[in-house]
Amino acid sequence: MKLKNDKYKHARGGASRLLLISCQKCGAKICQYQKDGPGGLRRMYVDRISEPAVSLARKDLTCPNGHLLGIKIIYEKEDRPAFRLVADSFVKKIVKA
Ligand SMILES: [Zn+2]
């Protein structure tokens with residue numbers, strides 16, 4: 001997957017990295033995610049999610065075993081759909097791009 005380079009990335013500055021997100025409770029793969037800029041991962045923007053293994057259409061983001069990872073929101077500053085992540089519900093690993 002090619003990293004996206006657009007206004008959202010420029011707004012955050014710095015490097016982007018591709019992460020593999022999985023459920024902390026059961027280890028199920030959730031998706032890949034492009035994280036833009038520095039700082040912790042508190043929300044996942046829907047336009048940065050790739051290869052989802054679960055539905056992104058629902059309000060809740062859950063793993064295939066029903067563990068809750070996030071709640072869909074609209075990030076108001078950018079009018080941009082995202083999942084607000086539940087703390088300590090997920091594991092992230094850097095993927096070689
Ligand atoms: Zn799980």
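This is a predicted model: local features need pLDDT of at least 70, side-chain atom pairs count only at pLDDT 80 or more; totals for chains, interfaces and linings use all residues.
Let me start with Glu 78, which is partly exposed because its relative accessible area is 21%, where buried means under 20% relative accessible area, exposed over 50%, and partly exposed in between, with a 1.4 Å probe and protein chains only. Its side chain meets that of Arg 80 in a salt bridge at 3.2 Å, N to O, the term standing for a side-chain nitrogen of Lys or Arg within 4 Å of a carboxyl oxygen of Asp or Glu. Arg 80, by contrast with that label, counts as buried, because its relative accessible area is 1%.

Residues are numbered from 1 along each chain as its sequence is written, and side-chain values use heavy atoms, with hydrogens and water left out.

Staying with Arg 80, what does its charged end sit over? It sits over the ring of Tyr 8, 3.5 Å from the centre, and Arg 80 also lies over the face of Tyr 45, at 3.9 Å from the ring centre; the criterion is NZ of Lys or CZ of Arg within 6 Å of the ring centre and within 35 degrees of the ring normal.

Returning to charges, a search of the whole structure finds 7 salt bridges, and a network of them links Asp 6, Arg 12, Asp 36, Asp 47, Arg 48, Glu 78 and Arg 80. Within this set, Arg 48 and Asp 36 meet at 2.8 Å, N to O, joining the loop between strand 3 and strand 4, where Arg 48 lies, to Asp 36 in strand 2, 12 residues apart. Arg 48 is buried at 1% relative accessible area, and Asp 36 counts as buried at 8%.

A further salt bridge joins Lys 29 and Glu 51, with the closest N and O atoms 3.6 Å apart. Lys 29 lies in strand 2 (residues 29-36) and Glu 51 in the loop between strand 4 and strand 5, so the pair ties together parts that are 22 residues apart in sequence. Lys 29 is partly exposed at 34% relative accessibility, as is Glu 51 at 47%. Glu 51 also has a positive phi of about 45°, although it is not a glycine.

Asp 88 likewise has a positive phi, near 60°, in a residue other than glycine; Asp 88 is placed in the loop between strand 7 (80-85) and strand 8 (90-95), and it is exposed, with a relative accessible area of 64%.

Technical notes:
Helices (H or I, at least four residues) and strands (E, at least two) are DSSP runs, numbered from the N terminus.
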